[in-house]
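Hi everyone, thanks for coming.

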Amino acid sequence: MFFYACFSKGGYDLKNEYILAAASGSLGAFLASLINTVYGDHVFVVPAISLYMGIITLDWISGFSASRKDGSYASEYGIDGAFRTLFLLIAPALANVADVLLGTPGTVFGFTVLAFGSHIFKSMTANVYRAGWSVWIPVKVLDWVSDEIDHKTARAKKRIQEKDKYLRG
């Protein structure tokens, strides 16, 4: 809505663009400070946590799309997913604290992000497959995540059966 205001009412308005730039810069500075405070200030933290959060976001998008497509969508599963995501965002912060206590800058954090990140990547890729977007995934990657695809497909079928049983009474 705000972006639209910059270019409406008779054309381009430079004042609104300055306001948008100031708001965007302030938000970016706040988020960068928050990430450095919570996850540490090592050189690789911002790119690593940005990639980590991006994969979590893509997992949510692809999971929602897949569950809507196969009919297994359920709000209680989404609520569980919110708690899972909260856990996934807190774990690297605690790993940073462990690094500070152990005097191992970035080591525990790096292992935590890699371990959880690889699992989230597998989950996201399986969801992308279930959503019908597998044309974009290399065959070797599909082979690597085939166990996750099988698990998610079986779980979705079970959820659909439970949903049908509940609705039939």
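Let's begin with L86, which counts as partly exposed because its relative accessibility is 46%. For that wording, buried means under 20% relative accessible area, exposed means over 50%, and partly exposed is in between, using a 1.4 Å probe and protein chains only. Before I go on, please remember that this is a predicted model, where local features need pLDDT of at least 70, side-chain atom pairs count only at pLDDT 80 or more, and totals for chains, interfaces and linings use all residues. Residues are numbered from 1 along each chain as its sequence is written, and side-chain values use heavy atoms, with hydrogens and water left out.

You can find L86 in helix α4, residues 75–102. Helices here are DSSP runs of H or I with at least four residues, numbered from the N terminus. L86 belongs to a nonpolar surface patch together with I79, F83, I90, L94, V97, L101 and L102, and the accessible area of the patch is about 860 Å². That area comes from the Shrake-Rupley method with a 1.4 Å probe, and for residues only the protein chains shown count as cover. To join such a patch, a residue needs over 30% relative accessible area and no salt bridge, and nonpolar side chains (Val, Leu, Ile, Met, Phe, Trp, Tyr) are joined within 5 Å.

Now to the charged side chains. How many salt bridges does the structure hold? There are three, where a salt bridge is a side-chain nitrogen of Lys or Arg within 4 Å of a carboxyl oxygen of Asp or Glu.

One of them pairs R84 with D59, at 3.3 Å from N to O. R84 sits in helix α4 and D59 in helix α3 (residues 45–70), so this contact ties together parts 25 residues apart in sequence. Is D59 buried or exposed? D59 is buried, at 6% relative accessible area, while R84 is partly exposed at 32%.

Next, R130 and D70 meet at 2.7 Å, N to O, in a salt bridge. This pair links distant parts of the chain, with R130 in helix α5 (residues 107–130) and D70 in helix α3, 60 residues apart. R130 counts as buried because its relative accessibility is 15%, and D70 is partly exposed at 27%.

Finally, K122 bridges to D147, with the closest N and O atoms 3.6 Å apart. Here K122 is in helix α5 and D147 in helix α7 (residues 146–168), 25 residues apart. K122 is buried at 18%, and D147 is partly exposed at 45%.

Thanks, and questions are welcome!

How values were computed: Patches are made of residues with over 30% relative accessible area and no salt bridge: like charges are joined within 9 Å, nonpolar side chains (Val, Leu, Ile, Met, Phe, Trp, Tyr) within 5 Å. Helices (H or I, at least four residues) and strands (E, at least two) are DSSP runs, numbered from the N terminus.
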